Amino acid sequence: MSANLTQLLSIMQQLRTPETGCPWDLKQTFDSVVPHTIEEAYEVADAIANKDFDDLKGELGDLLFQVVFYAQMAKEQELFEFDDILAVLNEKLIRRHPHVFSTSELKTDAEINANWEAEKEKERQKKAQSQNKQESILDNIPLALPALTRAYKIQKRAASVGFDWAELEPVIAKIHEEIDEVLVEVKRTDLDETQQKARIVDELGDLLFANVNLIRHLKANPEQVLTQANSKFSTRFKRVEEHVKLLGKEMGDCTLNELDAIWNEIKHLPK
């Protein structure tokens with residue numbers, strides 16, 4: 001173990017030492033640290049997206065600290081230690097890469113991915129057996145994932161056992177079907193406001209799920225697709241704001257038609 005890692009583990013232990021440690025660190029639990037872990041993961045992703053590799057070094061350190069934090073709390077409860085995390089990780093990586101660490105020959109991406117999924121399936125079966133419950137292909141997809149990512153993973157798992165359309169046409173038809181079903185609920189007059197809203201939200205969920213399916217069939221990742229769309233919209237909207245300011249106006253002073261005309265003009269300008 002490197003001197004820096006040894007020091008990090010020692011620092012973490014000191015932060016959690018009763019009487020002399022940090023009050024904030026001492027009061028944390030597994031549950032309370034989770035939001036910070038998610039935030040740190042997003043900050044890593046943001047640094048990579050911005051190609052800010054100086055910042056990435058620090059953000060990766062913050063993310064590693066989350067792992068060390070969990071390990072220290074687990075050690076205090078005699079659950080496991082940091083070294084146990086490394087041991088499980090090493091075993092898993094070696095087992096999932098037989099083409100690198102054994103005599104198994106997996107040459108194509110398809111073969112490698114198939115082996116990876118097979119190993120994960122074995123892990124799901126083992127976990128289900130240990131918990132004495134019926135195993136599902138959808139087991140171990142974290143509930144805490146962003147909803148788009150979770151939908152994407154659910155669909156990929158379902159597709160792996162043949163529950164998927166082979167052609168694009170029915171995927172697109174499903175989206176049109178879901179749009180129609182949303183509009184049916186919007187136009188209903190036989191429900192009170194609360195009931196109608198619940199049914200609209202339900203149908204909107206189906207519509208969004210269907211759109212994720214289209215994105216998946218077109219070999220794209222929904223989180224990345226929406227991230228790119230967010231960035232594109234934000235960039236164009238800021239240019240609209242700049243244009244309005246040059247006209248000596250405020251955004252609230254313009255009509256929607258005026259703003260839309262500026263937006264369409266900006267869409268055709270060089271990026």
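**Figure 1. Helix α4 and the negative patch.** Helix α4 (residues 53-76) gives the most to the negative patch, contributing three residues. The model shown is predicted. The patch lies on the surface, where D46, D52, D54, D55 and D62 gather.

**Figure 2. D46 in the negative patch.** D46, one of the residues of the patch, lies in helix α3 (residues 30-49). Its relative accessibility is 46%, so D46 counts as partly exposed.

**Figure 3. The aromatic pair W24 and F69.** Five aromatic pairs are found in a search of the whole structure. In the pair of W24 and F69, the ring centres are 6.5 Å apart and the planes stand at 75°, which makes the pair edge-to-face. W24 belongs to helix α2 (residues 23-26) and F69 to helix α4, so this pair ties together parts that are 45 residues apart in sequence. W24 is partly exposed, with a relative accessible area of 38%, whereas F69, at 2% relative accessibility, counts as buried.

**Figure 4. The aromatic pair F65 and F69.** The ring centres of F65 and F69 lie 5.7 Å apart with the planes at 70°, so this pair is edge-to-face. Both residues lie in helix α4, four residues apart, which is about one turn of the helix. F65 has a relative accessible area of 22% and is partly exposed; the cut-off for buried is under 20%.

**Figure 5. The aromatic cluster of W24, F65 and F69.** These three residues form one aromatic cluster. F69 pairs with W24 and also with F65.

Terms used
Residues numbered from 1 in each chain as written. Predicted model: local features only at pLDDT ≥ 70, side-chain atom pairs only at ≥ 80, totals over all residues. Heavy atoms only, no water. Patch = residues over 30% accessible without salt bridge, like charges linked within 9 Å, V, L, I, M, F, W, Y side chains within 5 Å. Areas by Shrake-Rupley, 256 points an atom, 1.4 Å probe, with all protein chains shown as cover. Salt bridge = Lys/Arg side-chain N within 4 Å of Asp/Glu carboxyl O. Lys, Arg positive; Asp, Glu negative; His and termini not counted. Charge placed at Lys NZ, Arg CZ, Asp CG, Glu CD. Helix = DSSP H or I, 4+ residues; strand = E, 2+ residues; numbered from the N terminus. Buried < 20%, exposed > 50% of the residue type's maximum accessible area, 1.4 Å probe, protein only. Phe/Tyr/Trp six-rings, centres within 6.5 Å; stacked < 30°, edge-to-face > 60°.
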